[in-house]
Amino acid sequence: DLTKQIYGDFIPFHITEIVIDPTLKNVQEIQFEERSKNNPRQIDYNFLPNSSYKIEIYTSLYYLGKPVTENQIDSTWRINYDREQNSIFLEVTDKNRIKVDGQIIPLLDIVDKINKATDSLNLQLNTDKTIKNVINDQQILDRWEQIKFDDLKFYELEDEYFKLIIQAYDVEFKSLTKSLRNNILYQIFFYPQGNVVAPAAELQLIGENQTVISQLFPQQFISYDLFSKSQEIDGKVEVLCRSELTDGWNSANLQTEFKKSYATLIEDPFDFKFSLESKYNYDEQGVLKDAKSYIKEQANEKLFYISEYKITHLEEDISTQ
């Protein structure tokens, strides 16, 4: 029954052919694969009910051309998507430190306490499936105030450095929607896939002026445009994304920070580069099955930061195991 297979004005990936009553006159058999080549269609964003994704993050900072910190963490996200409201309830159900540089463990202990405030997020999405706003922002702000008093007050009184960290997070939580939009992990997961068409052999612009927080220079931002191309393989869809720095954006603020903090230690001149490359794989139902992203932010060849983000759909909800 096609009425149970087709939602809206598109044909799902798993339908490869439609057979029409041969007794009808002037009807030709048209293969779906041939039609799709000439008529690219938008990917339909979809999640299975109560689905879970494993998020793996690997980061490494290179200083004077050598890695000085290497860290690997993972977490599990439980996702419930409301198609009618175009909103998502996201719950972080598990976190693990696989490999952590010993120097930053005290800082990570503080950050883990802080991040408990955002373990449950209710997000309203834009039509392109990026984050529009945080629906439960007041609830999160209240939770942050409680964590700040119950779990962080001692650190704040003990050390001026931690006091500055808490003050910085105060600003972040009061502008939570903006903070999540500028967070590279949320940009990777909630990228503008609503603008992606399949198949598309040439790169097409799907997102302009994406703003992300610099990993080398905290409090500074990078602006990039996002492009994608796609192909269908056995009814499934593969999407490749690539960034380019936005025309008109310049790295003057980052260069100022570089001169202030590193110029006396690194002789090489400031030569900023930024790249983001991602690959997303969807099944026949339009469900994201896995994704991988690589990011490199470079001040010059002696100072740069690289990271890998891996997203994997868990076939079985681990909460039931």
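**Ground rules**

I am working with a predicted model, in which local features need pLDDT of at least 70, side-chain atom pairs count only at pLDDT 80 or more, and totals for chains, interfaces and linings use all residues. I number residues from 1 along each chain as its sequence is written, and side-chain values use heavy atoms, with hydrogens and water left out. My helices (H or I, at least four residues) and strands (E, at least two) are DSSP runs, numbered from the N terminus.

**Sheet**

I traced the sheet first. It is open and holds 11 strands, in the order β6-β5-β4-β3-β2-β13-β12-β11-β10-β9-β8. The pairing is antiparallel; I call two strands paired if DSSP finds at least two bridges between them. Which strands are at the edges? They are β6 and β8, and each pairs on one side only. From one strand to the next the twist averages 25°. For angles, I use lines fitted to C-alpha atoms as axes, for helices over the stretch in contact, and angles run from 0 to 180 degrees between N-to-C directions.

Helix α8 (residues 252-261) packs on the sheet. I find it touching β9, β12 (288-300) and β13 (303-314). The direction of α8 makes about 60° with that of β12. Contact here means heavy atoms within 4.5 Å.

Next I went to the β6 end. β4 and β5 (residues 120-125) run antiparallel and are joined by five bridges. Leu-90 stands opposite Leu-121 of β5. Three bridges pair β5 with β6 (residues 131-134), again antiparallel. Gln-124 faces Asn-133 in β6, and Leu-125 has Ile-131 as its bridge partner there. The β5-β6 hairpin has five residues between the strands. Lys-129 in that hairpin takes a positive phi near 75°.

**Helix α5 and its two partners**

I then checked helix α5 (residues 160-174) against α2 (residues 105-115). Their axes come within 12 Å and cross at roughly 30°. The two are therefore roughly parallel, a label for angles under 35 degrees. The crossing is right-handed, that is, the near helix is turned clockwise from the far one by less than a right angle. From α2, Leu-107, Ile-110, Val-111 and Ile-114 meet Tyr-161, Phe-162, Ile-165, Tyr-169 and Phe-173 of α5. By class I get nine nonpolar, no polar and no charged residues. In this scheme Ala, Val, Leu, Ile, Met, Phe, Trp, Tyr, Cys and Pro are nonpolar, Asp, Glu, Lys and Arg are charged, and the others, Gly among them, are polar.

How do α3 (residues 137-150) and α5 cross, and at what angle? Their axes come within 10 Å and cross at roughly 165°. The pair is therefore roughly antiparallel, the label for angles over 145 degrees. This crossing is left-handed, with the near helix turned anticlockwise. Ile-140, Leu-141, Trp-144, Glu-145 and Lys-148 of α3 meet Ile-166, Tyr-169, Asp-170, Phe-173 and Lys-174 of α5. I sort these residues into six nonpolar, no polar and four charged.

Most residues other than glycine have a negative phi, and most peptide bonds are trans. I looked for exceptions.

Asn-86 has a positive phi of about 50° although it is not a glycine. I place it in the loop between β3 (66-82) and β4 (87-99). Is Asn-86 buried or exposed? Asn-86 is buried, with a relative accessible area of 12%; the cut-off is under 20% (1.4 Å probe, protein chains only).

Gln-219 also is not a glycine, and has a positive phi of about 80°. Gln-219 sits in the loop between β8 and β9 (221-233). Gln-219 is exposed at 62% relative accessible area, where exposed means over 50%.

The peptide bond from Ala-198 to Pro-199 is cis, with omega near -5°. Pro-199 lies in the loop between β7 (197-198) and β8 (200-213).

**Val-197**

Val-197 is in strand β7. Its C-alpha atom is separated by 4.3 Å from that of Gln-42, 155 residues apart along the chain. Leaving aside neighbours within four places in sequence, I find Val-197 in contact with Pro-40, Arg-41, Gln-42, Gln-204 and Ser-230.

Methods
Angles under 35 degrees count as roughly parallel, over 145 as roughly antiparallel, 65 to 115 as roughly perpendicular and the rest as oblique.
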